[in-house]
Amino acid sequence: SIIQNKCVPICSLKKDIIAQSQSGTGKTGAFTIGMLNNLDINLKRTQYIVVVPTHELAEQIFEVTTELSKYIDVSIVKVIGKTNISQSINELSKDPQIIISTPGRLYDMISRKYIFTDNLKALILDEADEMLSIGFLDNIKEIIRSISKETNIYLFSATLPKDIIELTTFFMKDPIKLLIN
């Protein structure tokens, strides 16, 4: 897809990315391939966190990532709200290299020191407009505050409302913008 062709090479540039693209254009493949290409498989620490608004999307991205990574040794876990908290803690004890999470549970696990972000290459916000429309703005700000300034932020959204523009202005460093119809 167009977004994959444009996005995947940028993922290796250590730059922030804002990608605006409608649902069904291949965003998940774009950032998943980008992540897997740039993952240090020998470093058994969390290198990528994908934040999504819903359990369904977390499930979908987990499946895509697992499928695309089946020939490499990578640890991927889902840490999602409305599931047993001890299940999340148990998943995180596996030293995952990639975490797919919903904002509330992610923030909770970072606050409780079950997720360490010191080796994080990128924080990926998928369907950012959705996350904000269902009330996760504060969680997202707190999550971003908990990561290093060196960590890249990849923001994927179908629309770029005022809240997102503010977020990108405040938290992102000279992002590359990909606008794909």
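Where is the place of K113? I found K113 in the loop between α5 (103-111) and β5. I took helices (H or I, at least four residues) and strands (E, at least two) as DSSP runs, numbered from the N terminus.

**Ground rules**

I noted that this is a predicted model, where local features need pLDDT of at least 70, side-chain atom pairs count only at pLDDT 80 or more, and totals for chains, interfaces and linings use all residues. Residues are numbered from 1 along each chain as its sequence is written, and side-chain values use heavy atoms, with hydrogens and water left out.

I checked the backbone of K113 next. Its phi is positive, about 65°, although K113 is not a glycine. Most residues other than glycine have a negative phi. K113 is exposed, because its relative accessible area is 57%. My cut-offs: buried means under 20% relative accessible area, exposed over 50%, partly exposed in between (1.4 Å probe, protein chains only).

E127 is also not a glycine, and has a positive phi of about 55°. I located E127 in the loop between β5 and α6. E127 has a relative accessible area of 22%, so it counts as partly exposed.

I then looked at β5, residues 122-125. Which residues of β5 lie on each side? A122 and I124 are on one side, L123 and L125 on the other, and all are buried. In a regular strand the side chains alternate between the two faces of the sheet.

I listed the pairings of β5 (two strands pair if DSSP finds at least two bridges between them). Strand β2 (residues 48-51) runs parallel to β5, with 4 bridges joining them. β6 also pairs with β5 in the parallel sense, over 4 bridges. Across these pairings, I49 stands opposite L123, and I124 stands opposite Y154 in β6.

I49 sits in strand β2. Its relative accessible area is 1%, so I49 is buried. I counted a contact when heavy atoms come within 4.5 Å. Not counting residues up to four places away in sequence, I49 touches I99, L106, I115, T117, L120, A122, L123 and I124.

A128 belongs to helix α6 (residues 128-133). A128 counts as buried because its relative accessibility is 3%. Leaving aside neighbours within four places in sequence, A128 contacts L155, F156, S157 and I164. C-alpha to C-alpha, I49 and A128 are 14 Å apart in space, and 79 residues apart in sequence. A128 and I176 are 16 Å apart by C-alpha, with 48 residues of sequence separation.

**Entry: strand β1 and S21**

How many bridges join β1 to β6? There are 4, in the parallel sense, and β6 spans residues 152-157. In that strand, L155 is the bridge partner of I18. β1 also pairs in the parallel sense with β7 (residues 176-180), over 5 bridges.

S21 lies in β1, opposite I180 in β7. Is S21 buried or exposed? S21 is buried, because its relative accessible area is 0%. Beyond its neighbours within four places in sequence, S21 contacts I3, K27, S157, A158 and I180.

**Entry: T28**

T28 is in helix α2 (residues 27-38). At 16% relative accessibility, T28 is buried. Apart from neighbours within four places in sequence, T28 contacts I61, V64 and D126.

**Entry: the whole chain**

The protein chain has 8 helices and 7 strands. Of its 181 residues, 50% count as buried. Among contacts between residues at least 6 apart in sequence, 72% join residues at least 24 apart.

Along the principal axes, the C-alpha atoms fill a box of roughly 40 × 35 × 30 Å.
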